[in-house]
Amino acid sequence: MHDFQKNMMIRMIVIIILSIIPQFFLPFPYGIILGLAIIAGNYFFMRKAIISRYGSGYGAGKFGGIEFGSKLSKTCTVCGSSAKGVECKRCGSKSFKMS
Ligand SMILES: [Zn+2]
């Protein structure tokens, strides 16, 4: 695993913990609102960080579910063939790994 991905993962775990903590000391619904605000703020930070790292194509594909101008080659995790669209041309799978 790359350091960047590891950092993102650690950050995600920290943010999840940070968003849970307010639930214990803030009355409903303030704890939930604060938790969601922390997650939303982090979402935009991570999106920005990933786009600046991998390009907007990757960011849009990863978070929007649609691939636009992705320069990375994708490999189908089901049959192993390379795919360019949103689904594998050979088996129709939507599960890919980036390479
Ligand atoms: Zn396939």
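**Layout and helix packing**

Mentor: From the N terminus on, the elements run α-α-α-α-β-β-β; helices (H or I, at least four residues) and strands (E, at least two) are DSSP runs, numbered from the N terminus. This is a predicted model, where local features need pLDDT of at least 70, side-chain atom pairs count only at pLDDT 80 or more, and totals for chains, interfaces and linings use all residues. Residues are numbered from 1 along each chain as its sequence is written.

Trainee: How much of the protein is buried?
Mentor: 9% of its 99 residues. Buried takes 20 or more other C-beta atoms within 10 Å of a residue's own, with C-beta atoms placed from the backbone.

Trainee: And in α1, how many residues are buried?
Mentor: One out of 18, so that helix is hardly covered.

Trainee: What span should α1 have?
Mentor: 26 Å for residues 3-20, at 1.5 Å a residue, and the end C-alpha atoms are 26 Å apart, which agrees. The expected span is 1.5 Å times one less than the number of residues.

Trainee: New topic: how do α1 and α3 cross?
Mentor: At roughly 170 degrees, with axes that come within 9 Å. Axes are lines fitted to C-alpha atoms, for helices over the stretch in contact, and angles run from 0 to 180 degrees between N-to-C directions. The pair is therefore roughly antiparallel, a label for angles over 145 degrees.

Trainee: Which residues meet there?
Mentor: F4, M8, I15, L18, S19 and I20 in α1 meet G35, I38, I39, N42, M46 and R53 in α3. Contact is C-beta atoms, placed from the backbone, within 7 Å.

Definitions and conventions. Buried ≥ 20, exposed ≤ 12 C-beta atoms within 10 Å, placed from the backbone. Parallel < 35°, antiparallel > 145°, perpendicular 65-115°, else oblique. Contact = placed C-beta atoms within 7 Å.
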